[in-house]
Amino acid sequence: MTDQADNTEHFHGEYKVVGGKLVVADLAVRDGLLSEVSINGDFFLEPDEALDDINAALTGLAAETSAKDLSAAVQAALPAEAVLFGFSTEAIAVAVRRALKKATTWADHDFDIIPPTPLDTYQHVALDEVLTRQVGAGLRKPTLRFWEWESPSVVIGSFQSMRNEVDPEGVERFGVTVVRRISGGGAMFMEPGNAITYSLYIPQSLVDGLSFADSYPFLDAWVMASLQKLGISAKYVPLNDIATEQGKIGGAAQKRTSNGGLLHHVTMSYDIDADKMMQVLRIGREKLSDKGIASAKKRVDPLRRQTGMAREEIIKVMMETFQELYSARLVELSDQDLEATDDLVRAKFSTTPWTYRVP
């Protein structure tokens, strides 16, 4: 809404903290500066007067102020004894940025879903880069894609050492394809039908103001809702693990592209062959040292055991939940998508320099 008399625009933005409270920002912009700022919501704050400090800290800042600087300004203005419960200065910044249309919400986007599509592993990792860049460039709607594995594979993180992560004898013995993805994180061992893997391609505006750590559970809130429908109570274990009381069921990774796209992908174990995995991957003691366990086998707790459902049924529930929450539509990969993917496989993902970029 704009007041023509004094060139003032009024804005409203909301942000629900994952596992926390609702933060609302009502404000105006006059001559490019924030005014009439009112931060409100169902959060808890002590002392009461700290709310005035928050509003005063934001008033007069430029409407183009980054989320990081908004948060810093609020933090600097809070008294030492202030307690923010159920929200944070970062959450305030997100609400303000959303009000100003600098950050987006799920409701601001139309989403597509690509159902499980059989591809070889090189195509899967290349397609992640292709679709992420398409979304970043505004050439594609934000998209959720489910993978379908065609052959035994190991996908290592962008920064992992090939020799430290993969056992060449095990790879040869079981006919495993080893590829490197564009995101960081750890190695994954996959066989057809033993895992559920999905990739989410979004504009970075959807996580504007969120820390890397906070963006993970935020982007997977729909997954937690899906698992709840399946009778599984899951939670995020920092930094990027999804787990239940019975153990880890999945891990997430992200990559942000220079054109504003963001890739968030997750692999959840359905029926992993732990013995074979141990022969293919070199899972060292250091990696397990902070898990409180002695064997990697104990980290694999398949969804099959916890749900008793077929893998296809679990994926169906996940797609239906995403559709219900975000009004997404089902689409298929185009010939152009696959051509661009194959070109990238030849130019990058199947090459020795990329695969062994960290020997």
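Student: Is lysine 229 buried, partly exposed or exposed?

Tutor: This is a predicted model, where local features need pLDDT of at least 70, side-chain atom pairs count only at pLDDT 80 or more, and totals for chains, interfaces and linings use all residues. Residues are numbered from 1 along each chain as its sequence is written, and side-chain values use heavy atoms, with hydrogens and water left out. On relative accessible area, buried is under 20%, exposed is over 50% and partly exposed is in between (1.4 Å probe, protein chains only). Lysine 229 comes out at 47%, so call it partly exposed.

Student: Which residue forms a salt bridge with lysine 229?

Tutor: A salt bridge here is a side-chain nitrogen of Lys or Arg within 4 Å of a carboxyl oxygen of Asp or Glu. For lysine 229, the closest N and O atoms of the pair are 2.7 Å apart, and the partner is glutamate 324.

Student: How many residues apart in sequence are the parts that glutamate 324 and lysine 229 tie together?

Tutor: Helices are DSSP runs of H or I with at least four residues, strands are E runs with at least two, and both are numbered from the N terminus. Glutamate 324 sits in helix 12 (residues 311–326) and lysine 229 in helix 8 (residues 221–229), so the parts they tie together are apart in sequence by 95 residues.

Student: Arginine 304 also forms a salt bridge; which residue is its partner?

Tutor: Arginine 304 is partly exposed, at 45% relative accessible area. The closest N and O atoms are 2.7 Å apart, and the partner is aspartate 271.

Student: Where is threonine 104, and is its side chain buried or exposed?

Tutor: Threonine 104 is in the loop between helix 3 (89–99) and strand 7 (112–119). With a relative accessible area of 15%, threonine 104 is buried.

Student: What does the side chain of threonine 104 make a polar contact with, at 2.9 Å?

Tutor: A polar contact is a pair of N or O atoms within 3.5 Å; within protein, one must be able to donate a hydrogen and the other to accept it, and residues adjacent in sequence count only if both atoms are side-chain atoms. The threonine 104 side chain also reaches the backbone nitrogen of leucine 206 at 3.2 Å. At 2.9 Å, what it meets is the side chain of serine 205.

Student: What distance separates the centres of domain 1 and domain 2?

Tutor: The bounds, from an automatic or database domain assignment, are 9–101 for domain 1 and 106–356 for domain 2. Taken over C-alpha atoms, the centres are separated by 34 Å.
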